[in-house]
Amino acid sequence: MNKWLELSDRVLEGKEVTNEEALSILECPDDDVLLLMHAAFQIRKTYYGKKVKLNMILNAKSGLCPENCGYCAQSSISTTPINTYRMLDKNTILEGAKRAHDLNVGTYCIVASGRGPSNKEIDLVVEAVMEIKETYGLKICACLGLLKPEQAKRLKEAGIDRYNHNINTSASNHANITTSHTYDDRVNTVETVKDSGMSPCSGVIVGMKETKQDVVDMANSLKALDADSIPVNFLHAIDGTPLQGVKELNPLYCLKVLALFRFINPTKEIRISGGREVNLRSLQPLGLYAANSVFVGDYLTTSGQEEMEDYKMLRDLGFEVESVEEMQASFVADK
């Protein structure tokens, strides 16, 4: 029997993946990757069938960030030429929500650069979200940086369903990526989100000179954090950032990473996120045999695949876009 199917059967029985088994997934021979993805799909299908959750990002505030994250074109140490602007006005945020609604996107993600939001920025987001909820009924995810408990409470009361704050890398690799905040700062924000009653979303960026053990540690850390949604980003190295020129990934390894996250976090939303187009390339469709969620449209400072191409990809796979009503039900189940 396919050893990966044996492992997926054990996962479905409630067994946890050992560290040795996790590393073996990342070290799966390239010739066996289809067997691995088939096994990952058995887990994905059990919990999510053939449904795919769609998410869309609005870059509500760009650049001007005092942090020194080595992957980010918006950081204080980046020399990348990007558009920089303060928090968008309410009407522009509402226009983005209408576009998400028209494209049948279930979750609208309002993202802002910076260490953390000011109270004035919270006021603006709260006002916009209340109107989005009333007008479009979208599920809303906010990503505004490090969050204080009182800010989290306000966002929850305004109707924000989910808050994203990625751990990005392992605890042991964190200082190699940024020193302007700690790994614990990120974990504490995820815990603050959970305490507020919002659904926690936290993910990673793979390809930042980490080891395979680091990748396993990331997946296990998110399991321990009990993140409902896990965005898996693959480094899109941007010129002008400290990680420019880093190209450690290939499509088959990216598939192994997605399978790993599914095996370790079997019931969670695994989202193929930034960098999928340049790292998975022609193998993007195979990633959805492990993942059950994807971003459509552009990211923060990099372009994504044209939306209609994503819909064609899902249709060709025989997968179905999760409706807004189904998305609403899944958020209730997460809680």
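Leaving aside neighbours within four places in sequence, lysine 256 is in contact with Ile25, Leu26, Cys28, Pro29, Asp30, Val33 and Leu36, where contact means heavy atoms within 4.5 Å. The model is predicted: local features need pLDDT of at least 70, side-chain atom pairs count only at pLDDT 80 or more, and totals for chains, interfaces and linings use all residues. Residues are numbered from 1 along each chain as its sequence is written, and side-chain values use heavy atoms, with hydrogens and water left out.

Lysine 256 lies in helix α10. Helices (H or I, at least four residues) and strands (E, at least two) are DSSP runs, numbered from the N terminus. With 6% relative accessibility, lysine 256 counts as buried; buried means under 20% relative accessible area, exposed over 50%, and partly exposed in between (1.4 Å probe, protein chains only). Of the 14 residues of α10, 13 are buried, so the helix is largely enclosed by the rest of the structure. At the start of α10, a side-chain oxygen of asparagine 250 comes to within 3.1 Å of the backbone nitrogen of leucine 252.

The table sets out the two helices, with an expected span of 1.5 Å times one less than the number of residues.

| Helix | Residues | Number of residues | First to last C-alpha | Expected span |
|---|---|---|---|---|
| α5 | 119-135 | 17 residues | 24 Å | 24 Å |
| α10 | 251-264 | 14 residues | 20 Å | 20 Å |

In α5, the buried residues are Glu121, Ile122, Val125, Val126, Ala128, Val129 and Ile132. Their cover includes β1 (51-61), α4 (90-102), β2 (107-112), β3 (139-143) and α6 (149-158). Glutamate 134 also belongs to α5, but this residue is exposed, with a relative accessible area of 74%. Glutamate 134 and leucine 146 are 12 residues apart in sequence and 27 Å apart in space, C-alpha to C-alpha. Glycine 137 follows α5 and has a positive phi, near 70 degrees.

## The second largest pocket

A pocket is an open set of points on a 1 Å grid over the protein atoms alone, where a 1.4 Å probe fits, with protein on both sides within 12 Å along at least five of seven lines; lining residues have an atom within 4 Å of a point. The second largest pocket has a volume of about 180 Å³. Its lining consists of Gly207, Leu235, His236, Ala237, Val246, Lys247, Glu248, Leu249, Val278, Asn279 and Arg281.

How values were computed
Grid points are joined across faces, edges and corners, and a volume is the space filled by probe spheres set on the points. A polar contact is a pair of N or O atoms within 3.5 Å; within protein, one must be able to donate a hydrogen and the other to accept it, and residues adjacent in sequence count only if both atoms are side-chain atoms.
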